[in-house]
Amino acid sequence: MVFSSLNFLYLFLPVCLLLYFIIPKLKYKNIVLLIMSLLFYAWGEPKWIIVMILMAFVDYFAGLMIAKNADNRRRKKFWLVFSVVVSVAALGIFKYTGFVIDNINAVFGSSIADPPFVLPIGISFYTFQALSYTIDVYRGKTQVQLSYYKFLLYVSMFPQLIAGPIVRYADVAAQIDDRRTTLPGFLTGINRFSIGLAKKVLLANIAGQLVTGFIGGDLANTSVLGAWAGIFFYALQIYFDFSGYSDMAIGLGKMFGFDYLENFNYPYISKSITEFWRRWHMSLSTFFRDYVYIPLGGNRKHMVLNMLIVWALTGLWHGANWNFLLWGLYYFVFLTIEKLFLGKYIEKVPILRNLYALFIILIGWVFFYFEDMGRMGEMFSIMFGFSGHMGTAPTDTTILMNHLLFIILAVIACIPVRNIPVNGFQALSRRTSAGDTVRVVVTIIFDLCLLFLSTASLVGASYNPFLYFRF
């Protein structure tokens, strides 16, 4: 089940909210959330729910053992290693077995059969969440959770289960046992969810269809303009797809009294690649920083090697294919160059630094989009005029002009213009006693309009994928 589906919007979510709010005690509210979260996952992946439950139990039990042996460093470390090895091994088996087999077959000419299973949805996200718990318990940064059902609730919470953000246990531990859902918080959650839904349905889906039209098929007739337009629309699609999902997850969390950290902060306004990765998928970046980069030595020793490891892992985390590894290494190169010497020069050239960052980011999405190396090479040849393809085709300009309004709206949605009406409402609230009421009424009307438009778009829609579900 996906958030941008009619089943979720008009069946699952209303039932979940109704059950949650008619039950008075927090203990039973948590049980409702746990049951509904397991049902949410089982809706699309019934055979893999046992994997999530067992992996959660492994890390829960390891956490208990780490706490029990707090004064015995050797035993404590054993249980941490046990948690890491089992979790990473499970992730590796499900996510990378097919990749390894395919490469063995390609190198040695063998015919080993592909594994008889598919990638469980969300395994990369909930594995990292559970691992952050045992590592933080080991480090003494969070208290051990004695209740398995509460820990399973943390791991399986449906707002962030499938595609993040990666929520650390320390950030929500207190809220599991003590939280309140206020009317302002609930309305804020609805607003955030509505914006995320509109990003996904009204922007990402349209951008995705344009991507398919420009570069999704045979590239033989693709022009230079068509190639650049295709990767431009892909940049829009993947941003609105993933940030829209994160917005919906954060909004749903608010409805149930949970505060999830931000996952995106307008990454396309970045002035460097370093800044881009402080704004894009922030929960993943901080995970690798805190649990891999700094433990390896960070900036103190072997900085370049540490960055190489982190960005190779970042690429492979996104998918079991060579293009994702290349994508990670591509960013390793530019981040290293910026850290060593380029960063101080970039700061001195306003406007050009934004164009530099956008250019590097767009090229990076070519690595991310094309899993076939031959098609990737063909795409680069077309983009930079080495293929002999025409610079533009008549249909290119027609399509772009027909979607000019969409392009303008999508670009505006990539920059923090929504702060303007928010600040205006806040100013109105300070000046008039009716300011709060006006703000609430206008926000509700705005949310209803987004919900209506999104629903109308979903009715009969045949294109509604979430790109990050495969990671």
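## Exercises on a predicted model

At 0% relative accessibility, phenylalanine 3 counts as buried. Keep in mind that this is a predicted model.

**Exercise 1. Decide how the rings of phenylalanine 3 and phenylalanine 193 are arranged, and which parts of the chain they tie together.**

Step 1. A pair of aromatic rings is described by the distance of the centres and the angle of the planes.

Step 2. By the pairing rule, the model holds 72 aromatic pairs. For phenylalanine 3 and phenylalanine 193, the ring centres are 6.4 Å apart and the planes meet at 55 degrees. Centres must lie within 6.5 Å to pair, and planes under 30 degrees apart are stacked while those over 60 are edge-to-face. The pair is therefore tilted.

Step 3. Phenylalanine 3 sits in the segment before helix H1 (6-22), and phenylalanine 193 in helix H9, so the pair joins parts that are 190 residues apart in sequence.

Step 4. Phenylalanine 193 has 6% relative accessibility, so this residue counts as buried; the cut-off is under 20%.

**Exercise 2. Describe the aromatic pair of phenylalanine 151 and tyrosine 154.**

Step 1. The distance is 5.8 Å centre to centre and the angle between the planes is 50 degrees, which makes a tilted pair.

Step 2. Both residues belong to helix H6 and are 3 residues apart, about one turn of the helix.

Step 3. Phenylalanine 151 is buried at 0% relative accessibility, and tyrosine 154 is buried with a relative accessible area of 3%.

**Exercise 3. Work out how helix H9 (residues 183-215) and helix H10 (residues 224-255) are oriented to each other.**

Step 1. Their axes come within 7 Å and cross at roughly 160 degrees.

Step 2. Angles over 145 degrees count as roughly antiparallel, and H9 and H10 are therefore roughly antiparallel to each other.

Step 3. The crossing of H9 past H10 is left-handed. The residues of this contact comprise 24 nonpolar, 10 polar and 6 charged.

**Exercise 4. Find out where glycine 328 lies, and what touches this residue beyond its neighbours within four places in sequence.**

Step 1. Glycine 328 is part of helix H14 (residues 322-346).

Step 2. Its relative accessible area is 0%, so glycine 328 is buried.

Step 3. With neighbours within four places in sequence left aside, glycine 328 is in contact with Trp311 and Gly315.

Step 4. From glycine 328 to alanine 249, the separation is 79 residues in sequence and 26 Å in space, C-alpha to C-alpha.

Key. Residues numbered from 1 in each chain as written. Predicted model: local features only at pLDDT ≥ 70, side-chain atom pairs only at ≥ 80, totals over all residues. Heavy atoms only, no water. Axes fitted to C-alpha atoms, helices over the stretch in contact; angles between N-to-C directions. Helix = DSSP H or I, 4+ residues; strand = E, 2+ residues; numbered from the N terminus. Parallel < 35°, antiparallel > 145°, perpendicular 65-115°, else oblique. Left-handed = near helix turned anticlockwise from the far one by under 90°. Nonpolar A, V, L, I, M, F, W, Y, C, P; charged D, E, K, R; others polar. Phe/Tyr/Trp six-rings, centres within 6.5 Å; stacked < 30°, edge-to-face > 60°. Buried < 20%, exposed > 50% of the residue type's maximum accessible area, 1.4 Å probe, protein only. Contact = heavy atoms within 4.5 Å.
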